[in-house]
Amino acid sequence: MKFLIINGPNLNMLGLREPGIYGDRSYTTLCQLCEDWCAEEGIECELFQSNHEGVIVDKIQEAYGKVDGIIINPAAYTHTSVAILDALKAVAIPTMEVHISKVSEREAFRQISFVSYYAVKTIQGMGFEGYREAIRALKKWLQS
Ligand code: CA2
């Protein structure tokens with residue numbers, strides 16, 4: 001089983017600002033944890049981060065026929081991107097949406113998620129642990 005883990009804009013800056021919302025650990029640490037958590041579950045994983053919407057769309061398209069599942073934190077594009085939603089629908093790869101913070105309790109503009117129209121499930125407010133939850137839940141969903 002292979003997963004593609006996609007992180008959107010500014011998540012490469014984790015740990016540098018807003019530790020009260022996103023914690024004080026870095027993007028490098030998040031990648032290491034995701035690799036460890038996938039390995040524990042016997043899952044091969046590829047990690048990808050971009051600050052550019054079209055680059056994320058290209059990456060989703062390239063995943064067609066190559067991965068079993070996608071875990072995505074689209075960051076700010078969560079709330080704006082029909083293009084990322086359409087790419088996920090086009091490749092039809094089962095997808096889990098993750099947010100580090102509890103978006104449902106933040107500003108009104110963060111309450112809308114385009115990706116959630118396609119995702120199997122949205123995990124939010126669990127910090128980095130949310131990715132572990134997503135990896136486990138997606139594996140379980142694929143095996144059910
Ligand atoms: O909670 C999440 O995971 C978000 O997807 C993070 C996005 C935000 O736009 C979403 O509404 C919720 C923002 C990621 C920005 O990350 C930063 C990293 C360091 C310093 C400031 C922001």
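How many of the residues of E4 are buried? Five of its five are, so E4 is mostly covered; buried means under 20% relative accessible area, exposed over 50%, and partly exposed in between, with a 1.4 Å probe and protein chains only. Helices (H or I, at least four residues) and strands (E, at least two) are DSSP runs, numbered from the N terminus.

Before you click on, some ground rules. This is a predicted model: local features need pLDDT of at least 70, side-chain atom pairs count only at pLDDT 80 or more, and totals for chains, interfaces and linings use all residues. Residues are numbered from 1 along each chain as its sequence is written, and side-chain values use heavy atoms, with hydrogens and water left out.

**Stop 1: the sheet**

Select the five strands. They form an open sheet in the order E2-E1-E3-E4-E5, with parallel pairing. Two strands pair if DSSP finds at least two bridges between them. Look at the edges: strand E2 (44–49) and strand E5 (121–124) each pair on one side only. On average, neighbouring strands of this sheet are turned by 20° against each other, direction ignored. Axes here are lines fitted to C-alpha atoms, for helices over the stretch in contact, and angles run from 0 to 180 degrees between N-to-C directions.

Contact means heavy atoms within 4.5 Å.

**Stop 2: strand E4**

Zoom in on strand E4 (95–99). Both of its faces are covered. Thr-95, Glu-97 and His-99 are buried on one side. Met-96 and Val-98 are buried on the other.

Next, show the partners. E3 and E4 run parallel and are joined by three bridges. Pick Ile-71: its bridge partner in E4 is Met-96. On to E5, which pairs with E4 in the parallel sense over four bridges. Here Val-98 stands opposite Ile-123 in E5.

**Stop 3: helix H4**

Select helix H4 (82–91). Start with Ser-81. At the start of H4, a side-chain oxygen of Ser-81 reaches to within 3.4 Å of the backbone nitrogen of Ala-83.

Which residues of H4 are buried? Color Ile-84, Leu-85, Ala-87, Leu-88 and Val-91. They cover an arc of only 160° around the axis, so they lie on the same side of H4; the arc is that of the directions from the helix axis to the C-beta atoms. These buried residues pack against helix H3 (53–62), E3 and E4. Then step past the helix. Ala-92 follows H4, and its phi is positive, near 55°.

**Stop 4: helix H5**

Select residues 129–143, helix H5. At 1.5 Å a residue, its 15 residues should span 21 Å, and its end C-alpha atoms are 21 Å apart, which agrees. The expected span is 1.5 Å times one less than the number of residues.

Now show the buried residues of H5: Gly-130, Tyr-131, Ala-134, Ile-135, Ala-137, Leu-138 and Lys-139. What covers them? The cover includes E1, helix H2 (27–40), E3, E4 and E5.

**Stop 5: Val-67 and Gly-69**

Go to Val-67, in the loop between H3 and E3. Is Val-67 buried or exposed? Val-67 is buried, with a relative accessible area of 12%. Leaving aside neighbours within four places in sequence, Val-67 is in contact with Lys-2, Leu-4 and Ile-93.

Move to Gly-69, in strand E3. Gly-69 is buried, at 0% relative accessible area. With neighbours within four places again set aside, the contacts of Gly-69 are Lys-2, Phe-3, Leu-4, Ile-93, Pro-94 and Leu-138.

**Stop 6: two loop residues with positive phi**

Select Asn-10, in the loop between strand E1 (2–7) and helix H1 (19–22). Its phi is positive, about 75°, although Asn-10 is not a glycine. Asn-10 is exposed, with a relative accessible area of 54%.

Finish at Ala-75, in the loop between strand E3 (69–73) and H4. Its phi is near 50°, again a positive value in a residue other than glycine. Ala-75 counts as buried, at 14% relative accessibility.

Technical notes. Polar contact = N/O pair within 3.5 Å; in protein donor to acceptor, adjacent residues only side chain to side chain.
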